[in-house]
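Hi,

Here is the structure I promised to pass on to you.

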Amino acid sequence: MDDEFSIKIPQGCIVAGVDEAGRGPLAGPVFAAAVILDPMRPIAGLADSKILSESKRNSLYIIIKEAALSWSIAQASVDEIDGLNILQATLLAMQRAVEGLNIQPDEVLVDGNRLPKLSMPAQAIVKGDSKVQAISAASILAKVERDKLMVDYHQQYPDFAFHVHKGYGTKQHLAEIEQFGFLAVHRRTFNPVKTMLIQQGRG
């Protein structure tokens, strides 16, 4: 698996990988994670979190936290998403994740094509979660942490199957919003909530 990662880290260079989870859903904060892997403790099975099974992500989540030199998980709130827009809120969550590391990296490698404001050199890498192990590790931490929150949401709001649809705009989720209305955890700048607010004269 390690051979599939196309970007190699120079020896002695402390690199943090950064990725996000939750840009597209209709509810909840956007999460980001930053990970500095320990070259002396390689982790087998790292991959883009989206292609891993939930059980594999959960097992790797524990291993990454235990084996990494440093890791940090951060978020930007629903209010920040609605106030800033989802892109800027995502970059803010990424910035917070890097700032939460207890080791300052020499360089930060970020999945995607945009960079957060950082105090150290950084590089945006499209599809970085399949090219850089530390970004893959970050994608797993962010995804699992967000999924945990969705399970909590289901317990708080049992009419909504957040544990199933994870807040994405599935038919089931849209039907729930239609039947029960929207919640405080829904993003008001995302449809269908945005349209509902306009119809109610609150948009």
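Below is what turned up, starting with the core and moving on to the salt bridges.

One thing to keep in mind: this is a predicted model.

**The core**

In soluble globular proteins, nonpolar side chains tend to be buried together. Here the largest nonpolar core has 63 residues.

Helix 4 gives the most, with 11 residues.

Now zoom in on Ile-140. Skipping its neighbours within four places in sequence, Ile-140 is in contact with Leu-46, Ala-47, Ser-49, Leu-52, Arg-57, Leu-60, Tyr-61 and Ile-64.

**The salt bridges**

How many salt bridges are there? The count comes to six.

Take Glu-66 and Arg-41: their closest N and O atoms are 2.8 Å apart. Glu-66 sits in helix 1 and Arg-41 in the loop between strand 2 and helix 1, so this pair ties together parts that are 25 residues apart in sequence. Glu-66 counts as exposed because its relative accessibility is 51%, and the cut-off for exposed is over 50%. Arg-41 has a relative accessible area of 37%, so it is partly exposed.

Another salt bridge joins the side chains of Arg-96 and Glu-80, at 2.7 Å from N to O. This pair also links distant parts of the chain, with Arg-96 in helix 3 and Glu-80 in helix 2 (residues 78-84), 16 residues apart. Both ends are partly exposed: Arg-96 has a relative accessible area of 30%, and Glu-80 has 23%.

Then there is Lys-143 with Asp-147, whose side chains meet in a salt bridge at 3.4 Å, N to O. Are these two buried or exposed? Both Lys-143 and Asp-147 are buried. They are four residues apart in helix 4, so about one helical turn separates them.

Last stop: Asp-48, Lys-50 and Asp-129 are linked in a network of salt bridges.

Cheers

Notes:
Residues numbered from 1 in each chain as written. Predicted model: local features only at pLDDT ≥ 70, side-chain atom pairs only at ≥ 80, totals over all residues. Heavy atoms only, no water. Core = buried A, V, L, I, M, F, W, Y, C linked by side-chain atoms within 4.5 Å. Buried < 20%, exposed > 50% of the residue type's maximum accessible area, 1.4 Å probe, protein only. Helix = DSSP H or I, 4+ residues; strand = E, 2+ residues; numbered from the N terminus. Contact = heavy atoms within 4.5 Å. Salt bridge = Lys/Arg side-chain N within 4 Å of Asp/Glu carboxyl O.
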